[in-house]
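Student: Could we go through this structure together? I would like to begin with a helix and then turn to contacts and domains.
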Number of protein chains: 2
Amino acid sequence: MKLEKLVGDRFKDRPSDCQIDSHAIMVRGGYIKYMANGIFSSYMPTKRITRKIEQIIREEMDAIDGQEVQFPVVMPATLWEESGRYESIGSELLRFSDRNRNQMVLGMTHEEAAVHLVREYGQSYTKYPFMIYQIQTKFRDEARPRGGLIRVREFTMKDAYSFHTSQEDLEEYYDKCHKAYERIFKRAGVPDVVSVKSDSGMMGGSVSHEFMLLTPIGEDSIAICSECGMSANMEAAESIIENTRDDISAAMELVHTPDVHTIEDVCNFFKVEPQKTCKAVIYQRNEDDSYIVVFVRGDVDVNETKLRNFVGCEIHPAVVTEDCGLFAGFTGPVGITDNCTVLFDTSLQNTNNLICGGNKEEYHYSGLDIDRDCGNVEYHDFAKILEGGICPNCKKHSISISRGIEVGNIFQLGTKYTKTMNMTYLDNNGEAHNPIMGCYGIGVGRLAASVCEAHHDDYGPIWPMPIAPWQVHVCAVRSDDAEVKACADKLYADLQSAGAEVIYDDRQVSAGVMFSDADLLGVPVRVVVSPRNLKENCCEITARDKSFSYKVPVEETKDKILEIIKELMDKANS
Amino acid sequence: MKLEKLVGDRFKDRPSDCQIDSHAIMVRGGYIKYMANGIFSSYMPTKRITRKIEQIIREEMDAIDGQEVQFPVVMPATLWEESGRYESIGSELLRFSDRNRNQMVLGMTHEEAAVHLVREYGQSYTKYPFMIYQIQTKFRDEARPRGGLIRVREFTMKDAYSFHTSQEDLEEYYDKCHKAYERIFKRAGVPDVVSVKSDSGMMGGSVSHEFMLLTPIGEDSIAICSECGMSANMEAAESIIENTRDDISAAMELVHTPDVHTIEDVCNFFKVEPQKTCKAVIYQRNEDDSYIVVFVRGDVDVNETKLRNFVGCEIHPAVVTEDCGLFAGFTGPVGITDNCTVLFDTSLQNTNNLICGGNKEEYHYSGLDIDRDCGNVEYHDFAKILEGGICPNCKKHSISISRGIEVGNIFQLGTKYTKTMNMTYLDNNGEAHNPIMGCYGIGVGRLAASVCEAHHDDYGPIWPMPIAPWQVHVCAVRSDDAEVKACADKLYADLQSAGAEVIYDDRQVSAGVMFSDADLLGVPVRVVVSPRNLKENCCEITARDKSFSYKVPVEETKDKILEIIKELMDKANS
């Protein structure tokens with residue numbers, strides 16, 4: 001491919017509307033073009049990258065006995081009604097009517113379609129286990145698309161679905177898939193992607209993992225233990241907090257506390273640490289606006305996902321009205337109105353002598369001892385795990401919080417879909433059961449953008465060899481020099497004949513323009529043919545990541561490049 | 001791949017709801033599964049076939065300097081408003097609102113997206129020509145999906161868009177693309193696809209060709225000249241009709257003709273041939289229900305596409321009301337109401353002594369001589385070309401009408417989109433022009449189904465080697481026989497190691513079941529390992545299309561198969 005003919009503009013300056021580097025680079029480098037909120041077109045370099053990623057994914061899915069199939073993008077609503085998700089998913093599921101007024105949806109995930117495809121096939125236990133997958137366009141009507149290809153509305157995703165007759169079999173396959181994912185990320189150039197335990201959210205099921213690329217611009221927060229290596233999405237990580245009771249529990253006392261609203265106010269007024277306070281965090285259920293009051297230790301925050309999973313419905317931060325019986329800033333567990341659900345976080349276990357709200361304007365209690373004063377209390381985990389907190393695995397104070405981009409996920413779904421959609425098989429005794437499912441996703445475009453985020457400098461991306469749009473970038477500096485042109489032309493032709501993927505810049509532009517364009521294309525190996533090099537009968541081979549730079553005799557250049565390509569490919573695939 | 005693990009059921013009987021063979025076969029063979037009207041999921045064999053077709057298309061598009069890109073499936077309505085198609089296309093364009101109430105469409109073709117992608121890039125004449133293409137899911141809300149993958153609502157299509165600075169350059173590229181299409185269809189196993197001149201319809205532009213697989217189940221009618229080879233879609237084929245005037249034109253005479261409504265009635269009443277009658281065919285414009293009366297010779301039918309193109313708007317057969325001034329069954333060109341557009345077909349040129357309607361209930365005229373009686377008449381081509389009609393190319397009476405499936409099309413679009421969407425480039429004098437576009441489509445799934453339609457027998461498809469789901473099908477007949485099992489296992493392993501794509505049937509089922517399943521998978525080369533063959537130290541290699549059958553010594557079997565595969569691939573690619 002001659003760079004001169006490559007469709008797409010490259011820009012010198014960072015676009016002002018790009019918050020993250022990969023987004024800016026992919027716009028600057030002629031990779032993507034904005035069409036609408038969260039909707040992009042892709043130019044040739046992106047397409048070449050994503051096709052390579054897709055092929056890596058395909059090979060690894062085939063290696064664990066996956067069968068590539070294809071589900072429709074547009075599906076009838078009736079299918080989603082079978083699983084109950086037509087109702088349960090919010091407005092990120094795009095719904096519309098076709099010309100015959102049939103309700104349809106745009107697929108954002110394909111559990112229903114997978115069950116539909118194999119419901120008849122899988123009627124006997126002898127057919128199990130099996131896995132089907134597709135690589136297909138999906139649409140998710142995100143409220144806040146952001147970051148170029150990181151969070152879009154339309155995207156290409158590999159989604160896989162496995163079917164099993166026992167939980168053990170699912171778990172065995174789940175582990176296989178976990179390993180396949182590790183190979184995929186390694187081959188795609190991000191071997192440092194970590195898998196973290198996660199919340200299963202709307203997918204249903206219990207055990208699930210997210211594969212996270214750690215980066216400060218990530219949208220997710222991940223708790224990682226520096227001691228034992230445990231990692232989990234903050235939404236899923238168990239929060240452990242150790243308390244020591246004071247030897248003596250003081251008596252409760254109602255104290256007049258004008259203008260004392262926040263935990264900070266309380267600490268100042270009573271001269272205590274936040275650990276000695278009991279904070280009320282108030283939510284309302286979306287369905288009926290009924291109140292939920294969660295009591296946590298004053299220095300701890302509520303994790304809404306944990307709370308949502310516990311109460312089993314959607315919630316939002318409360319609007320505390322005058323007549324609801326709660327007192328904003330003065331809500332405590334003693335004497336609280338019956339008009340709400342009261343929950344206690346484990347951070348309050350084994351505490352005493354706490355300050356808490358008095359359930360009365362401008363009053364707090366001191367001397368709260370929950371077990372003494374609130375009757376039979378059950379404690380549950382509703383808290384966000386904290387930096388420096390206790391690792392739920394090794395129990396050391398070794399938790400650090402990192403940010404990450406989710407580039408893949410795997411779920412043990414159980415029978416959520418097979419049960420609701422009436423998929424059954426007969427076991428060897430002729431008894432009917434619902435198959436147990438797993439599902440496994442990777443966003444192709446997001447992975448490409450994540451690799452760019454992980455591997456770039458100020459001048460552009462540094463694509464790893466296995467997914468680079470081209471393997472080698474030939475620069476003919478001063479292509480008006482006949483000798484340069486002839487040498488570069490020959491190198492271009494020879495490399496292509498040898499099967500290398502070459503982008504060739506023989507434009508009559510300055511070396512500066514040529515190199516900055518090459519930086520933006522991020523091809524891992526660059527060869528410079530120039531009058532100066534040719535004087536020494538050499539070409540200059542350099543790595544985009546600056547890891548090597550050689551001057552090689554002209555006649556050895558082709559073989560040296562092929563050797564480097566092979567080395568880099570082998571290393572990634574090893 | 002072991003057949004035992006292949007997801008998808010195969011059926012013995014033809015499904016009752018399949019009108020065409022390829023549809024029946026693809027359901028029976030576990031290729032596709034119906035999900036909703038015109039919407040299917042695909043199992044692994046289909047996916048393997050379509051991926052191979054896509055790769056053939058990709059190679060041929062790359063060979064004519066195409067650059068693979070990707071456009072969104074979901075696009076903002078505003079983009080389609082720029083070209084005017086948001087209004088002009090009917091309900092086959094699926095329109096809906098996203099969560100923020102923005103109007104969106106599902107892409108059925110991507111001219112607008114193509115212009116959007118390159119509008120800034122193509123601002124200088126130095127960038128031209130270039131071609132971009134994608135292979136992507138599309139949605140067209142067809143009123144009447146039919147025939148399995150032949151006419152669906154959701155489909156995968158390769159669509160390409162080229163941009164030029166002169167008509168000559170477009171034409172040169174158009175010819176290149178025409179040749180690339182011929183190679184694609186040859187490589188996909190349907191070298192007999194013919195290209196026919198076609199009507200450009202909603203795409204705009206003038207010159208266009210459809211690539212047709214001739215088959216009785218086709219939806220399109222094609223006029224083919226048996227003398228000169230000219231071929232054209234009936235909708236685009238010029239109709240030529242020769243008339244000879246009678247020496248003497250009789251005077252016009254109003255005749256009372258009660259109960260004489262049809263041309264047949266007229267011929268019986270007046271004792272004339274239909275060629276001596278002038279028929280009125282009445283339409284209404286969709287936009288305002290205004291009337292259009294087309295006069296044609298009595299034995300000729302109106303081609304609505306030609307009429308639609310001439311009047312430049314959508315039309316429908318008229319409802320002739322009492323007060324509209326027209327008389328159903330009695331409408332003629334003399335004394336017709338001013339309240340309608342009157343058109344004359346060329347079939348009436350050089351005629352006289354015709355019978356026509358009297359524009360009065362129960363009356364006809366005899367002795368019509370249009371040139372004498374109707375003033376300055378212009379004749380245009382509105383007629384359907386007829387079997388046995390005159391070839392517009394060689395002028396012989398040698399037209400035959402065939403049916404065909406459209407598997408691809410190419411259009412010279414001109415500046416329709418670049419003009420409306422304000423895409424311009426500066427020429428070498430600094431003057432601004434709109435680039436000239438071409439567009440080029442192939443339906444991937446429809447091509448797969450068409451190949452099946454062209455190559456099948458009662459037992460299943462006969463896939464051509466380059467697109468077959470697998471290249472060789474190994475049948476271990478009596479796999480409970482240890483020797484058979486060992487030999488077949490080794491053959492399976494050896495063939496795979498040698499890079500062949502193998503499906504392996506080692507189920508313990510009867511030879512009958514095994515062979516009928518193999519027929520349904522349609523793999524071109526079959527090897528049978530059986531106790532009987534092994535007694536002679538042989539394997540049996542047969543072609544799915546029965547073109548060869550060999551008994552080969554066991555130790556030579558692998559090499560013989562590899563040789564056959566290579567031969568069949570080379571032949572298709574030659």
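Student: What span should the 20 residues of helix α2 of chain B have?
Tutor: The model is a predicted one. At 1.5 Å a residue, helix α2 (residues 44-63) of chain B should span 28 Å, and its end C-alpha atoms are 28 Å apart, which agrees.

Student: Which residue just after α2(B) takes a positive phi?
Tutor: That residue is B:D65, with a phi of about 65 degrees.

Student: Now chain A. At what angle do α2 and α11 of chain A pack?
Tutor: Helix α2 (residues 44-63) of chain A packs against helix α11 (residues 444-454) of chain A at about 110 degrees, and their axes are 9 Å apart. The two helices are therefore roughly perpendicular to each other.

Student: Which residues make that contact?
Tutor: From α2(A) come A:T46, A:I49, A:T50, A:I53 and A:E54, while α11(A) provides A:V444, A:G445, A:L447 and A:A448. By class, five of these residues are nonpolar, three polar and one charged.

Student: How many residues of chain A are in contact with chain B?
Tutor: There are 40 residues of chain A in contact with 40 residues of chain B. Elements giving two or more residues to the chain A side include β1 (32-36), α2, α5 (111-118) and β7 (130-139) of chain A. That side has 22 nonpolar, eight polar and 10 charged residues.

Student: And the domains, where do they fall in chain A?
Tutor: Domain 1 covers 17-237 + 401-453, domain 2 covers 253-380 and domain 3 covers 470-573.

Student: How far apart are the C-alpha centres of domains 2 and 3 of chain A?
Tutor: Those centres lie 66 Å apart.

Methods. Residues are numbered from 1 along each chain as its sequence is written. Chains are lettered from A and ligands numbered from 1 in the order in which they are written. This is a predicted model: local features need pLDDT of at least 70, side-chain atom pairs count only at pLDDT 80 or more; totals for chains, interfaces and linings use all residues. Axes are lines fitted to C-alpha atoms, for helices over the stretch in contact, and angles run from 0 to 180 degrees between N-to-C directions. Helices (H or I, at least four residues) and strands (E, at least two) are DSSP runs, numbered from the N terminus. Angles under 35 degrees count as roughly parallel, over 145 as roughly antiparallel, 65 to 115 as roughly perpendicular and the rest as oblique. Two residues are in contact if their C-beta atoms, placed from the backbone, lie within 7 Å. Ala, Val, Leu, Ile, Met, Phe, Trp, Tyr, Cys and Pro count as nonpolar, Asp, Glu, Lys and Arg as charged, and the others, Gly among them, as polar. Domain bounds come from an automatic or database domain assignment. The expected span of a helix is 1.5 Å times one less than its number of residues.
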